[in-house]
Amino acid sequence: MRAPRWIGLPVAAVVLVAGVIGVQLANGGGTYEPLKPSDPCAERTVTSRADGIDGLTERLVLLGINNAACTLGVTREALTLELAQTSTRTDAEIDALRAGLIEAVRQMKKDGSLPPASDLVDEALASANLNGLLERAIRLIPDSVIDSALKTDDVLERAIDDLDLRDLLANLDDQGDLERQVEAAVTEAVKDSLLDRLRNLI
Amino acid sequence: MRRAVAPLLAVTVAMVLADSAVVTLALPDILQNLDASVGQVAWVLIAYNLVLGVAAVPAAAAFARVQPRVFSAVGVAVFAGASAWCALADSIEVLIIARCVQAVGGALALIGCLEQLVEVRGERRGVATWVTAGVIGTAAGPVAGGLLTQAISWQAIFVVQVPFALLAVPAALSVASAPPQEADRHRPAVRANITLALMSAALTAALFLLVLLLVEGWGRSPATAAVTVSVVPIAALAAGPLVRLLRPPHDVVEVAVGCFLVAGGLAALAIPPSAHLAWTIAPQALVGLGLGLTVDRLTSQAMEMRLPRARHAGWTISARHVGVVVGLAILTPVFTADLQDAQEPAQEAITSLVLDAPLPPDDKIAVAQALGDALSDERGQVPDLHPAFASLDVDPRYRAATDQLERDLDSQLERAATWAFRDSFLIGAGIALLALLSSLRLRRRTS
């Protein structure tokens with residue numbers, strides 16, 4: 001017995017609807033959502049398009065925020081937005097950030113991506129605004145002497161300890177102020193590191 | 001003049017019903033030009049449908065006491081005058097009031113035009129013309145509104161209605177007929193009207209939400225959105241030949257299949273694989289076919305052989321527009337809340353892309369600052385990131401990477417907006433399935 005002709009209408013509708021929804025789903029329709037942030041506690045490799053101190057700082061900050069986010073149990077994106085958008089930082093955030101940055105230095109030392117101090121001297125001197133004679137004298141010091149006197153990880157860890165992160169984060173919009181604070185902390189760290197070295201020698 | 005009467009009355013019916021959704025694509029322009037809030041501007045749409053839904057039944061009751069030609073002419077004239085007032089409105093409050101008056105005129109015009117069309121074309125053809133004009137108007141409203149807004153301005157939507165409506169006034173006056181004297185012989189077709197109301201709510205999801213997704217979510221121009229949503233009326237026209245080919249034995253089959261197609265189309269609109277306009281074509285074709293199979297059949301069922309005709313027309317108009325308002329009332333809070341909820345994942349996705357962008361740190365910081373400003377100016381809408389990138393001064397070596405970042409960020413916003421509309425489209429599909437269940441109990445009146 002032949003099915004009546006009108007059955008074609010509901011059958012065509014079912015085929016059309018199943019076909020359209022099937023094609024949408026087969027092409028990823030069910031998963032067309034915003035990018036999901038990755039787990040901050042998973043190992044992350046970071047790169048930078050910049051060389052020297054800028055590149056080093058960027059990689060440190062990216063790893064440091066990632067480590068801090070892992071400690072705080074949030075995504076690194078949520079923490080970045082929190083730090084950028086609100087003016088009050090909790091003690092937990094500051095502590096996590098400091099620990100995260102120090103952990104980042106250790107990670108970079110471990111994977112060999114931390115440059116020797118001699119690699120950074122020229123750039124540091126160019127921006128240090130030192131007396132010309134002193135600057136020339138420092139430039140004459142052989143790289144091996146600098147590298148044995150100053151360990152990059154030691155200087156960075158001291159600088160991170162010295163930094164007033166709360167004050168630093170309050171001035172994110174002021175690039176000049178930011179650089180002044182970082183420079184002061186790094187200079188202090190270099191001085192402390194050298195003194196420590198001298199004390200050990202004596 | 002006699003020959004032009006029926007077309008002019010049909011155009012008036014189409015305009016009144018097109019006005020139910022005609023401003024959808026103009027809402028962003030109205031919001032900006034009249035310095036309104038999102039909540040206020042939604043009332044430009046809601047007020048018209050609410051007043052039309054509420055006024056239709058009393059208007060039909062009043063019809064029996066007035067000369068039909070006077071009733072129709074007054075209705076069309078009020079509609080024309082209020083349309084001109086809408087175009088001249090210089091504040092959102094005035095526009096909303098003018099839209100209310102326009103809806104009152106529209107309610108009178110719809111009831112009056114039905115009787116005039118029956119007078120001119122006879123019972124069956126007159127009602128069919130009225131129903132068809134309504135379906136075309138409903139489906140074509142957003143398209144016409146979008147094209148006019150893009151080509152001229154939002155005011156043009158209302159200005160173009162005035163000459164047609166003014167020509168319809170003498171047309172209505174030229175049809176002499178006595179006030180109908182029929183007593184209330186039939187009860188309202190409750191089931192058909194409920195199904196019609198549910199379908200109107202579902203179709204609101206299709207037309208209103210899709211237009212918003214295209215313009216606000218995917219950043220397309222009103223004209224592009226208008227051309228895109230023209231698939232719905234074109235597909236609606238294809239429903240007739242399909243029915244003639246397959247000859248279903250009962251209206252119930254057509255209506256049930258139509259409801260199913262609308263539900264399927266809305267479900268498909270909830271899951272596009274990307275923000276490419278092509279992915280909306282097939283779902284819209286399903287919705288259009290469904291609209292073509294249901295709205296005129298349900299309207300005919302609710303009115304066919306029921307007297308007084310005007311009273312039953314009043315119920316169908318009321319059902320349609322109350323359905324639109326209920327649809328807006330259900331869907332608007334859902335998608336606005338979802339859009340709000342989508343901000344966080346969108347911002348995190350944007351942050352992730354900026355942090356990992358292959359750009360020097362200074363450029364990343366500049367991008368982040370520009371984006372921060374753009375995001376804080378969003379006023380509850382999906383932000384336009386292009387001005388932030390256009391003002392960036394980056395090293396030419398990194399221009400390509402910056403352009404790629406802009407495309408990736410736009411893609412994240414499109415993903416977030418699409419995601420935010422998903423629940424609303426699925427709710428619309430659910431309402432269409434409710435209409436399907438309701439339609440299965442429809443029976444053709446035989447007496």
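**Chains A and B: a guided chat**

Modeller: Of the 447 residues of chain B, 60% count as buried, where buried means under 20% relative accessible area with a 1.4 Å probe and protein chains only. This is a predicted model, in which local features need pLDDT of at least 70 and side-chain atom pairs count only at pLDDT 80 or more. Residues are numbered from 1 along each chain as its sequence is written.

Biologist: Thanks! How many helices and strands does chain B have?

Modeller: Helices (H or I, at least four residues) and strands (E, at least two) are DSSP runs, numbered from the N terminus. For chain B, they come to 17 helices and zero strands.

Biologist: What radius of gyration does chain B have?

Modeller: Here the radius is taken over C-alpha atoms, and the globule rule is 2.2 Å times the number of residues to the power 0.38. For 447 residues that rule gives 22 Å, and the value for chain B is close to it, so chain B is as compact as a globular protein of that length. The radius of gyration is 24 Å.

Biologist: How much area do chain A and chain B bury between them?

Modeller: Buried area is the accessible area (1.4 Å probe) that two parts lose on being put together, summed over both. Carbon and sulfur atoms carry 66% of it here, and the total is about 3,900 Å².

Biologist: Which residue of chain B forms a salt bridge with A:R44?

Modeller: A salt bridge is a side-chain nitrogen of Lys or Arg within 4 Å of a carboxyl oxygen of Asp or Glu. Between the two chains, the count is four. For A:R44, the closest N and O atoms are 3.9 Å apart, and the partner is B:D356.

Terms used:
Chains lettered and ligands numbered in written order. Heavy atoms only, no water. Buried < 20%, exposed > 50% of the residue type's maximum accessible area, 1.4 Å probe, protein only.
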